[in-house]
Each structure stands twice: as C-alpha cells, then as structure tokens.
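Subject: Structure for your files

Dear colleague,

Here is the structure I said I would pass on. My notes on it come after the model.

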Amino acid sequence: LEIFVTILNENDNSPEFKQTNFTEVVPEDTKVNSTIIAREELSASDADLDTIYYELTTTVPGTDGYFAIKGLNNPEIYLHKALDYERFKWTTLILYARDRPVASTDLTNTATATINIRIEQADTKAPWFLPCTFINEEQSVCISSLYIGRVNMSEVSTEPLLLQPGPLYAIDPDYTINERIIYSIVGGNMDNVFSIDADTGNLTMNKPASSPGPYLLQVMATQVNNIQKYSIASVEIKVINKSNHAPYFESRIYKGTAFANLAPGSFVFQAGHPSSPLMITALDDDFPDV
C-alpha cells in the first residue's frame, strides 16, 4: 500500500528584515525621485515564501509626503518631494513588511524597520543684508531696507561712515554652512569718492564729495565659494554743508500771558503786549541770512 502525503504550508513565520534600524543623512538639495535607501537593503524575507507587501508611514507630524516607496512589493525608499531645511531637520519613517495584503482578513504576520532621516543643510540661499524683513511664511526670503549715511561737503571723513539702520553687514542664511562673504561697490560711486572694505563692509572716503549728491551706491555681498550667490543693497549717502555752530535762542527767558477759559489752540500773548502773540525764535550762525 502506497500512501502519498502532501504537506500544506502553514503561515507560521513572520517576514524578517536583514536590518531593523537605519539612519540616513540626506542633503537638503537632493533631487526629487533620488533613491534614499536601495531595495536590496530593505527587502524582507519570509520562510513561508509568501509574497511580501510593504507600507511606509511617517511618525513625525508635518513630514508626510516627503519620502515614499517605489511600490507595494518594492520597498526602495526615494525622495518624493523637495526638502526644505527650514521646515524640518529630521523625521522617522516606519517600514512595514506583511505576508498578506493590508486589506486581507487572513492571518497576517508583520515585521517593521525604523528609518531615521536627518536633513543636512545645503548651500541654497544667497546672502542676506541685515536687518531685513521676511516676505514669506517659510522665512526663506528676507529683504533689507535702504541704508542711509551723511558726509560733509568738501570734507574727507577719516573714519568709516555711520549708517542707519546699522552698518553694512550680510550673513549666509544657510547658517550651518556660514560661508565667508565679501563686499564690493558695483554702482553709483561717481568719481570714485567711496571705498568699501571687502571683509568688513565698512564704507570710507577716497576724496571729498564735490557735488551736492546724494550718492546712491549699490553694494554687493558675495559668497567666496560661489560668486553666483550674491545680494545687492542700496546705500544713500547724503551730502550736507558742515555745521560749525549750534543754534541758539535770541532770548534766555520768554514771558507770556494766557487768559482763563481760552479754547485749545488759542494764542499765548507777550507779557505786557496783549495784542502780540508770543514768538520763540532761534538763530544759527551757519545760516546768517535766515
């Protein structure tokens, strides 16, 4: 008597990953659709020889949609959406491996692998002149205001010019890189009156201003490692006549008379002259004819 026995495979084994914990550093400027972790590293095996179904989820709020897998049966992780270091700097992904489809009612065995992603800031932004104002919610674009300074006519200042709202200063907004920045004047410097220190941004004078101005300088801040990363700031230098004298009042004491119950805005009159409004005047010897 011959008896043929068929052994039926029971689903009694769970899928297994070669490695259950990954840490990957991903540059901010990685191109969309680039592979982050290859299929060979992430594929799970199953002793029951079942088809493996994969699912990728994100555990960090606000980081959904940036990473994805190639397909239901292909666990290769790729970049699905462009990264922004200002939005988030890390995230954690969970990769599920199941031996039955997600919607299956059959007994399903599951394995998980944890993928920690750290975003590395890239040199993506041009320099910012400070102070500046952000013009978008992502705070990726910051616009500086006009710098204003003053010089005396026909006089050379030996010190760096004082500017408002502050000195010329630019930074690399990719702050973990903090590339060195140099300065140059690229426009508005008529007769080469002004110079700029390439390292500090200090403005100085080569010779006196001979025209009433104003001078509207265009100053460029450039990254040393990449001349295509630059910003332009405008600097208005007003030329004024030098003041050698302080203003002074014609009299040290002024006396006036105010009547009771007058309406707001009514005149105060000179004491002893009830028909003459009280006038307080000052003079300046720099302007003798005024």
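Predicted model: local features only at pLDDT ≥ 70, side-chain atom pairs only at ≥ 80, totals over all residues.

Residues are numbered from 1 along each chain as its sequence is written, and side-chain values use heavy atoms, with hydrogens and water left out.

Domains

The protein chain splits into domain 1 (15–120), domain 2 (128–240) and domain 3 (245–289); the bounds come from an automatic or database domain assignment. Taken over C-alpha atoms, the centres of domain 2 and domain 3 are 45 Å apart.

Strands here are DSSP runs of E with at least two residues, numbered from the N terminus. Strand β19 covers residues 215–223, and seven of its nine residues are buried, so the rest of the structure largely encloses it. Buried means under 20% relative accessible area, exposed means over 50%, and partly exposed lies in between (1.4 Å probe, protein chains only).

Two strands count as paired if DSSP finds at least two bridges between them. β19 runs antiparallel to β16 (residues 181–187), with six bridges joining them; in this pair, glycine 187 stands opposite glutamine 218. β19 is also antiparallel to β20 (residues 226–240), through nine bridges. Here methionine 220 faces isoleucine 232, and a hairpin of two residues links β19 to β20.

Glutamate 28

Glutamate 28 lies in the loop between β2 (21–27) and β3 (35–37). It is buried but has no salt bridge, and the nearest side chain of opposite charge, that of lysine 125, is 4.4 Å away. A salt bridge needs a side-chain nitrogen of Lys or Arg within 4 Å of a carboxyl oxygen of Asp or Glu; for charge, Lys and Arg count as positive and Asp and Glu as negative, with His and the chain ends not counted. The side chain of glutamate 28 does reach the backbone nitrogen of alanine 122, at 2.9 Å. Beyond its neighbours within four places in sequence, glutamate 28 has contacts (heavy atoms within 4.5 Å) that include Leu83, Tyr85, Ile119, Thr124 and Lys125.

Phenylalanine 22

Phenylalanine 22 is in strand β2 and is buried, with a relative accessible area of 3%. Not counting residues up to four places away in sequence, phenylalanine 22 touches Ile37, Glu41, Leu42, Ala113, Thr114, Ile115 and Asn116. Phenylalanine 22 and isoleucine 117 are 95 residues apart in sequence, with 8.3 Å between their C-alpha atoms.

Backbone points to check

Most residues other than glycine have a negative phi, and most peptide bonds are trans. Which peptide bonds are cis here? One of them runs from leucine 130 to proline 131, with omega near -5°; another joins glutamine 164 and proline 165, with omega about 10°. Proline 131 is in the loop between β10 (128–129) and β11 (132–134), and proline 165 is in the loop between β14 (163–164) and β15 (170–171).

Leucine 49 has a positive phi, near 60°. Leucine 49 is in the loop between β4 (44–45) and β5 (53–58) and is exposed, with a relative accessible area of 75%. Aspartate 191 also has a positive phi, of about 60°. Aspartate 191 sits in the loop between β16 and β17 (194–196) and is exposed at 52% relative accessible area.

Regards

Methods: Helix = DSSP H or I, 4+ residues; strand = E, 2+ residues; numbered from the N terminus. Polar contact = N/O pair within 3.5 Å; in protein donor to acceptor, adjacent residues only side chain to side chain.
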